Amino acid sequence: MLLVTPRSRRIPLALAASALLGTTALSGCSVANSEDAAGGSSAPSDTLRVVLQQEPPTLEACESNLTSTGVVIRSTITEPLVERNPTSGELEPKLATQWSSKDDQTWTLKLREGVKFHDGSDFNADDAIATIDRAVNSKLGCNVEGYVFGDDDLKLKKVDDYTIEVTAAKKDPILPLRLSFLEVVPKETSTTEKVREPIGTGPYQIEDWQAGQSINVAAFADYWGEAPAYSKANYQWRSEGSVRAAMITSGEADIATGLSPEDNIGDLGVSYPNNETVALRMHADTAPFDDIRIRRAVNYAIDKESIVASLYAGRDKAAAQLVPSGVVGHSDDLPVWEFNLDKAKELVAEAKADGTDVSAPINLVVRTAQFPKIQELAQVIQEQLTQAGLTVNLKMLETSQHLTYQVRPFPTKDDGAIMLMTQHGNQAGDAAFTVDQYMTSKGAQSAFGTPELDELIAQADAASGDDRQAAFEKVFKYQNDEVVQFAHIAHQTGMLGISSSVAYEPNSSSGDELRLAEVTAAK
Amino acid sequence: MLTYLRKRIIASALPLVVVIVGVFALARMTGNPAALYLPLNATDTMRAEFAARNGLDQPIWVQMAQYFGGIFRFDFGTSMRTGQDAAQMALRAFPATLQLAATTMIIAIILALIVGSAAAMKPNGILDRCSSFISMTAASIPDFWLAIVGIWVFAITLGVVPTSGVVGAAAWFLPVATLVMRPFGTLVQVIRGAMVSALSEPYIKLARSKGATEYRVIAQHALRNAAAPGLTVAGDLTVGLVNGAVVVETIFGWPGIGKLMIDSILQRDFAVLQACVLLTAVAIFVLNILIDLGYALLDPRVRPSAGARQRRKARAAQGPTHGSENRTLAPVGPALSTSESSRGNH
């Protein structure tokens, strides 16, 4: 019972006040579970400070195709057997020094000798086989399995301590490219549970991860390659772009990812092509999109060059296909649909004369905040299509609702024809990762296709070398000429904030794979 | 007191059950997590394996039974997003939110007591008008805007505090300064109004006529009676902060439970969301009891013993009674009228 006399009443009040003030004083020292990380403004100059958009959910190696995980671990903590050069698109040796195949189905890989894991153990064929087996053949449910390999398992054979054979279920000319998605971990790594903090062979090893606050890594003394310029690195994360930019301008961080010019980064913002392409996907099961002339009219009605110039200050590039330059299958010769409003109106009138219901509503489905100025872009497109004589409603949806439109099975009872604004990133460097999903008749993100296009895609998938490039170019041309499922808008650019104290040249992979070993101190 | 606590716990059980069931049901109405966790081109086999791995292939009532069973073992399952124990994630984030909320409210209450009391000394005077303008402005400024402006002024232009983060005492300045504005503005208005009423009561005149100093009149007599409505509003404001200061936590990278909850909702991380909601619900329940006890400290009439005394007196006056008797405690809610307060301590 809390009974106090009037005089003694002051004591509990005083005690309560003291306790609360004590809490405040203690609070002033540190936040619960925090330690003095190296990420403060007083960090030593041998520490590279990186601020990301979000905390990685995990650093599990077989989830490295997730942007927030890959940006930390890929080629920094862990390394793949083969690595794709993001600029040239060529595959380069990493933990495998050579690879070859006689039939495009069984591939032989020679492994690098003298490589050590962060726990001191040596890397050899057993580790390479265990890595592939764990990510592709196990029941672990690795994200990279679904992203790159599908349901088919790979057959693995150890030839000797530094040679392995990998056999696909069918001919796969880009198997080495697929293997570049697998980050190598020791054979002792659990095959039944995912591992949040992997042991790798990369130039940096994990020192500590303060959940919710920061990750610290340190240069690995026994790294097989060239030692990185910075002996330590600190990752923090801030959701707000303007805060990340402020951390660069105030000197609290050296590199910030995921910025846009609106974040007030000024001259410290460096833009780079990020392999993302924005397009409109038209569902041809409903009027007016069941008439190809309307789908062509949409392409003619959108002024892509003006959009790029006015909304994105000329950084982006008007697109004619779903993959940008640098990806196998992209063609610089494929023309961007010209902006011709008269032609668009003419096509709409023709379709109407032939009985197409051109007044049927079109739902432009857009994901809120998917990329900078997306709402303005959607409004411009809505206006331009309206001028062409079409009826367009704007549907701004949050991610989970938008996903119901993005992936099969699509909604069948919408109140209009569906036109989805999609942002597609091809980080793999080969058009197969795009067209199989977006253009085949049954593709997960394809609204429709044609048997002819399916056949062209199958031929391209099986081709290699120059034939592969030519075959995919044909696929993209055929889509624009005969199918017109898509109205392409622009190849986008990303932006990094880079402080004046460091030197780093971003490339198309920087948003997904920030290789800290490539960062040096500014001269 | 034990009886009082027991009754409060029993009375709170139903709302807690509603919260537990509600968060379970509402979370699942947001959609299938597989759509977010698997690649867009994942095959049907992969989707089936994902559902089986996370128990989502079970009938909904089985999932709910497992969830309820887990609560009694304090096992909320594993985060789909991070693979970590959901309860540990919630417990790790919660202290950071509590620290932020406590610091904010202490500063807001102290400042509001000073400014509100000073303003009430001379209603409609220059000080009163200024405080009214400042408090209304403070209560109206959006957190988001204030936080960004604060970063620009104090971190970038002046360079006196870090933009964000949790390292060092200086890192507290911007989050607390941003959060303190709304409680401060609201409390100044409440305390000012209550003080104006209290200062016009007869017992204040009596105290002054007996030669009490002005400090004693305000601090010992008027403020004590004006504190009850302030405590009510402060309690509500604290509950809001304990729920998580999402905007501030997001902007300043504060690893609190508000941001964790939002991330869990956006990522359909059911286990973490359920753990966070239950933890905050329990915390708010405890907080409400503490607020009730605060009332008891301020006003003897609302103490459980006071209610029992009143009933005993009533029985003595009326003789033996029959039938049902209201056995609940005397009202502990916020509805103290000024006239009741005026009789409180005198």
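Among contacts in chain B between residues at least 6 apart in sequence, what percentage join residues at least 24 apart? The figure is 72%. The model is predicted. Chain B holds 15 helices and 0 strands, while the domain assignment of chain A gives domain 1 (76-179) and domain 2 (276-491).

**Domains of chain A**

- The centres of domain 1 of chain A and domain 2 of chain A, taken over C-alpha atoms, are separated by 34 Å.
- Domain 1 of chain A puts 7 residues into the contact, and domain 2 of chain A puts in 9 residues.
- On the side of domain 1 of chain A that touches domain 2 of chain A, the residues divide into 3 nonpolar, 1 polar and 3 charged.

**Helix 7 of chain A**

- Helix 7 (residues 292-301) of chain A is largely enclosed by the rest of the structure, because 9 of its 10 residues are buried.
- The buried residues of helix 7 of chain A include three arginines by name, A:Arg293, A:Arg295 and A:Arg296.
- A:Ile294, A:Ala297, A:Val298, A:Asn299, A:Tyr300 and A:Ala301 are also among the buried residues of this helix.

**Helix 14 of chain A**

- Helix 14 (residues 465-483) of chain A has 19 residues and spans 26 Å from its first C-alpha to its last; this is close to the 27 Å expected at 1.5 Å a residue.
- The buried residues in helix 14 of chain A are A:Arg468, A:Ala471, A:Phe472, A:Glu473, A:Val475, A:Phe476, A:Gln479 and A:Asn480.
- These buried residues pack against helix 12 (432-438), helix 13 (451-462) and strand 17 of chain A.
- A:Val484 follows helix 14 of chain A and has a positive phi, near 55°.

- Strand 14 (residues 361-367) of chain A pairs with strand 15 (residues 391-397) of chain A in the parallel sense, over 7 bridges.
- In this pairing, A:Arg367 stands opposite A:Leu397 of strand 15 of chain A.
- Strand 14, helix 10 and strand 15 of chain A make a right-handed β-α-β unit.

**Cis peptide bonds in chain A**

- A:Ala287 and A:Pro288 are joined by a cis peptide bond with omega about 5°, and A:Pro288 lies in the loop between strand 12 and helix 7 of chain A.
- A:Arg408 and A:Pro409 are joined by a cis peptide bond with omega about -5°, and A:Pro409 lies in the loop between helix 11 (399-406) and strand 16 (417-425) of chain A.

**Chain B: burial and positive phi**

- Of the 346 residues of chain B, 40% count as buried.
- B:Asn124, a residue other than glycine, has a positive phi near 70°.
- B:Asn124 is in the loop between helix 5 (86-121) and helix 6 (126-140) of chain B, and it counts as exposed because it has 10 C-beta neighbours inside 10 Å.
- B:Arg268, a residue other than glycine, has a positive phi near 50°.
- B:Arg268 is in the loop between helix 12 (257-266) and helix 13 (270-298) of chain B, and B:Arg268 is buried, with 20 other C-beta atoms within 10 Å.

Technical notes
Residues numbered from 1 in each chain as written. Chains lettered and ligands numbered in written order. Predicted model: local features only at pLDDT ≥ 70, side-chain atom pairs only at ≥ 80, totals over all residues. Domains from an automatic or database assignment. Contact = placed C-beta atoms within 7 Å. Nonpolar A, V, L, I, M, F, W, Y, C, P; charged D, E, K, R; others polar. Buried ≥ 20, exposed ≤ 12 C-beta atoms within 10 Å, placed from the backbone. Helix = DSSP H or I, 4+ residues; strand = E, 2+ residues; numbered from the N terminus. Expected span 1.5 Å × (residues − 1). Pairing = 2+ DSSP bridges. Right-handed = clockwise from strand over helix to strand, strands pointing away.
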